Amino acid sequence: MSQNNALLLDGVIRRFEQAGRQLEVLSGVSLAVRPGEMVALVGPSGAGKSTLLQIAGLLERPTEGEVYVGGQACGTMDDAARTEVRRHRIGFVYQFHHLLPEFSAIENVILPQLIAGLSRREAEDRARELLSMVGLGAREDHRPARLSGGEQQRVAIVRAMANVPNVLLADEPTGNLDPHTAEDVFGYLRRICHAASLGALIATHNLDLAARMDRILEMRDGIVVER
């Protein structure tokens with residue numbers, strides 16, 4: 001049932017027009033991510049993982065099929081309603097942290113909360129709590145240039161968590177880090193997802209990290225299969 005899942009994709013098809021032909025990247029993808037569950041999404045480059053995440057995150061519309069976020073069907077929503085769902089119910093983490101360089105770590109975490117309508121005091125308190133959870137309480141006033149790569153990615157993770165989403169979508173979140181730092185960042189990511197009962201769908205080429213998640217899904221020939 002859609003309402004029992006943080007994220008549900010039902011029969012998602014995505015076609016693109018290319019040189020006058022229809023290119024089908026996703027061929028009826030169905031998958032579910034439960035609250036508190038970390039699901040790895042693996043597959044070769046070009047298999048459609050990023051397209052799937054874009055559709056799951058309501059950044060693209062499927063050609064056919066439905067996307068449910070926190071039990072809510074999003075297919076017929078207009079752009080304004082989809083933006084509201086993204087802002088409040090979906091968190092994104094990418095391979096590159098995309099922090100705002102002119103703001104400190106805590107300001108980067110405060111900003112999305114202010115956009116969502118929280119007061120400055122509420123946003124600051126939550127940002128400070130989240131940064132402490134990932135070991136950055138003493139670094140909250142540092143701008144990104146003064147943080148290591150792993151620290152920057154930890155800020156990006158808690159920024160994605162700031163508005164208490166139903167689901168976290170991550171595209172190679174440790175792909176730009178050395179193995180030791182990747183392990184460190186993954187540990188924080190797993191801890192915070194489980195603590196918040198957050199459903200997470202994480203695309204990765206790192207099969208060692210994938211094996212430590214709750215389930216592994218593989219993109220193959222435009223569909224998703226359980227490994």
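## Charge over a ring

In this predicted model, the charged end of R14 is placed over the ring of F16, at 4.1 Å from the ring centre.

## The aromatic pair

One aromatic pair is present in the structure. Its members are F92 and Y94, whose rings are stacked, with 6.2 Å from centre to centre and 5° between the planes. Two quantities are quoted here because a pair of aromatic rings is described by the distance of the centres and the angle of the planes. Is Y94 buried, partly exposed or exposed? With a relative accessibility of 33%, Y94 counts as partly exposed.

## The six-stranded sheet

An open sheet is built from six strands in the order β6-β7-β8-β3-β9-β10, and its pairing is mixed. At the edges stand β6 (residues 90–93) and β10, each of which pairs on one side only. Direction ignored, neighbouring strands of the sheet are turned against each other by 20° on average. Strands of a sheet pair through backbone hydrogen bonds, and the pairing can be parallel or antiparallel.

Two helices are placed against these strands. Helix α2 (residues 79–89) packs on the sheet and touches β6 and β7 (residues 167–171); the direction of α2 makes about 70° with that of β6. Helix α6 (residues 179–195) lies across β3 (residues 38–42), β7 and β8 (residues 199–203), and runs at about 135° to β3.

## The β9–β10 hairpin

Strands β9 (residues 215–220) and β10 (residues 223–226) run antiparallel and are joined by four bridges. Together they form a hairpin with two residues between the strands. In the turn, D221 has a positive phi of about 55°.

Which residues of β10 face R220 and E218? The bridge partner of R220 is I223, while E218 stands opposite V225. E218 and R220 also meet through their side chains in a salt bridge, at 3.1 Å from N to O. E218 is buried, since its relative accessible area is 17% and the limit for buried is under 20%. R220, at 43%, is partly exposed.

## Salt bridges

How many salt bridges does a search of the whole structure find? The search finds 16 salt bridges. Side chains of opposite charge can pair when their charged atoms come close.

One of the salt bridges is formed by R15 and E64, whose closest N and O atoms are 3.2 Å apart. R15 belongs to strand β1 (residues 7–18) and E64 to strand β4 (residues 64–69), so this pair ties together parts that are 49 residues apart in sequence. Both ends are partly exposed: R15 has a relative accessibility of 26%, and E64 has a relative accessible area of 38%.

The side chains of E226 and R215 meet in another salt bridge, at 3.2 Å from N to O. This pair links distant parts of the chain, with E226 in strand β10 and R215 in strand β9, eleven residues apart. R215 counts as buried at 18% relative accessibility, whereas E226 is partly exposed, with a relative accessible area of 48%. The pair is part of a network of salt bridges that links R34, E37, R215 and E226.

Q152 lies in helix α5 (residues 149–161). Why does Q152 count as buried? Q152 is buried because its relative accessible area is 12%, and the limit for this class is under 20%. With neighbours within four places in sequence left aside, Q152 is in contact with H97, L99, P144, A145 and L147.

G28 is found in strand β2 (residues 21–33). The relative accessible area of G28 is 32%, so this residue counts as partly exposed. Beyond its neighbours within four places in sequence, G28 is in contact with G11, V12, I13 and G222. L111 is 83 residues from G28 along the chain, and the C-alpha atoms of G28 and L111 are separated by 37 Å.

How values were computed
Residues numbered from 1 in each chain as written. Predicted model: local features only at pLDDT ≥ 70, side-chain atom pairs only at ≥ 80, totals over all residues. Heavy atoms only, no water. Buried < 20%, exposed > 50% of the residue type's maximum accessible area, 1.4 Å probe, protein only. Contact = heavy atoms within 4.5 Å. Phe/Tyr/Trp six-rings, centres within 6.5 Å; stacked < 30°, edge-to-face > 60°. Lys NZ or Arg CZ within 6 Å of the ring centre and 35° of its normal. Pairing = 2+ DSSP bridges. Salt bridge = Lys/Arg side-chain N within 4 Å of Asp/Glu carboxyl O. Axes fitted to C-alpha atoms, helices over the stretch in contact; angles between N-to-C directions.
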